[in-house]
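Subject: Structure handover

Hello,

Here is the structure you will be taking over. Please open it alongside this note; my findings follow below.

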Amino acid sequence: MGGVPNVTRADVVAAARNPLAFIAARWTPDHRTVRRASLSALVMSVVIVVTGGAVRLTGSGLGCPTWPKCTDDSLAATGAMGVHGAIEFGNRMLTYVLCAAIGWAIVAARSQKPYRRSLTRLGWAQFWLVMSNAVLGGIVVLVGLNPYTVAAHFLAASALIAVAAVMWQRTGEGDARPRPLVGKPVQQLVWFLVAASTLLIAVGTVVTGAGPHAGDSSKVERMPLDWETVAKLHAVLAWIVVTLTFALWFILKAVDAPKNPLDRTRDLFLVLLGQGVIGYVQYFTDLPEALVGLHMLGSCLVWIAVLRVLLALRERPEATVDLPGPSAEATVGSPA
């Protein structure tokens, strides 16, 4: 058994001043560890959305009636608050698990050799999104589940998923200048697809804000709209996204595009079909809570699949570095 290395006062000072640099100087994670860390952050960003939906669907949105404490006198839920308090407080505690996952991703990215600033920036972007959305979530409680703040809360969570998905993608790529794999018309079509998907998600929050699941058993303000009319608009947007996806797949096949964009487009099409089935079944069965929760999970998966299509349109090999000596053209790294 090896001896424990002595920790000097200089080590303590260095760790206090810059803990990330201190860890990076003593630990070098392999590529698989960094990729798993970024994936864990992405998975937790989806989990927190689904559990947040469970809070609303069980009528536990005001299970903790204040924020940042659960009650005026208690930080945590008490037995007298019942199951609604436990559900709402449990979702709040999951924020710390999400922060831990993002923290692991930041530390792993910072410790990777060579150091890639782009990855750590994406990790910190997730952290600040979580912090700002936690404050927004507190505002949601303080204003009694106002539907407009609830919609903003979900859209901020979608932004977090987007950044987490980009970081996960970037861990499998290099830092060289991106090289497009398809032509400009295809790229423009995909950007239309992204815009339509963003609008689809936004209108989905309006359906929620006007629909019957208010988030609490007490009287909660709703958006002054006919939720069935908005739901039909949501369905039209969903069909537009499906049509754009099918058109993209057809064009990619016609131009003999590389395998990765084709595979990602196929994946998106399959996720959209599953999400569409869930959406129509929940509509015609009066919105059962379990199906609505499953539809929220599907919304996250659709968003991730759309972003993966966008990111599959280019490749980023490892950055090349000129080596000194006779073979100045030699490079370090291989295509990602």
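Start with helix α7 (residues 184-210) and helix α8 (residues 227-254): their axes come within 9 Å and cross at roughly 160 degrees. Helices here are DSSP runs of H or I with at least four residues, strands are E runs of at least two, and both are numbered from the N terminus. Axes are lines fitted to C-alpha atoms, for helices over the stretch in contact, and angles run from 0 to 180 degrees between N-to-C directions. α7 and α8 are therefore roughly antiparallel to each other. The scale is this: under 35 degrees is roughly parallel, over 145 roughly antiparallel, 65 to 115 roughly perpendicular, and the rest oblique. The crossing of α7 and α8 is left-handed. Left-handed means that the near helix is turned anticlockwise from the far one by less than a right angle; clockwise makes it right-handed. The contact of α7 with α8 holds 25 nonpolar residues, four polar and no charged. Ala, Val, Leu, Ile, Met, Phe, Trp, Tyr, Cys and Pro count as nonpolar, Asp, Glu, Lys and Arg as charged, and the others, Gly among them, as polar.

Two points on the source. This is a predicted model, where local features need pLDDT of at least 70 and side-chain atom pairs count only at pLDDT 80 or more, while totals for chains, interfaces and linings use all residues. Residues are numbered from 1 along each chain as its sequence is written, and side-chain values use heavy atoms, with hydrogens and water left out.

Next, the other helix pairs.

α8 and α9 pack at about 160 degrees, with their axes 10 Å apart. They are therefore roughly antiparallel to each other. α8 passes α9 in a left-handed crossing. Their contact has 17 nonpolar, two polar and four charged residues.

Helix α6 (residues 147-170) also meets α7: the axes come within 9 Å and cross at roughly 145 degrees. This crossing of α6 and α7 is right-handed. On the α6 side are Pro147, Ala151, Phe154, Leu155 and Ser158; on the α7 side they meet Ile201, Ala202, Thr205 and Gly209. Contact means heavy atoms within 4.5 Å. The residues of the α6 contact with α7 divide into six nonpolar, three polar and no charged. Ala202 lies in α7. At 24% relative accessibility, Ala202 counts as partly exposed. The cut-offs are under 20% relative accessible area for buried, over 50% for exposed and in between for partly exposed (1.4 Å probe, protein chains only). Ala202 and Leu155 are 47 residues apart along the chain, with their C-alpha atoms separated by 7.2 Å.

Now the cores. A nonpolar core is a set of buried Ala, Val, Leu, Ile, Met, Phe, Trp, Tyr and Cys residues joined through side-chain atoms within 4.5 Å. Which residues touch the most other members of the largest core? They are Val190, Leu248, Leu252 and Leu268, out of 35 residues. α7, α8, α9 (259-284) and α10 (289-311) each supply at least two residues of this core. α7 gives the most, with 10 residues. A second, separate core of 34 residues includes Ala37, Leu98, Val130 and Phe154.

- Val55 lies in helix α3 (residues 31-57). Val55 is buried, with a relative accessible area of 5%. Val55 and Ile87 are 32 residues apart in sequence and 6.3 Å apart in space, C-alpha to C-alpha. Beyond four places in sequence, Val55 is in contact with residues including Ile87, Asn91 and Gly215.
- Thr120 sits in helix α5 (residues 117-142). Thr120 counts as buried, at 5% relative accessibility. Leaving aside neighbours within four places, Thr120 is in contact with Ile106, Ala109, Arg110 and Tyr115.
- Thr149 belongs to helix α6. Thr149 is buried, at 16% relative accessible area. Not counting residues up to four places away, Thr149 touches Val140 and Val143.

Last, the whole chain. Its secondary structure comes to 10 helices and two strands. From the N terminus on, the elements run α-α-α-α-α-α-β-α-α-α-α-β. Of the 336 residues, 43% count as buried. Among contacts with a separation of 6 or more, residues 24 or more positions apart account for 75%.

Best wishes
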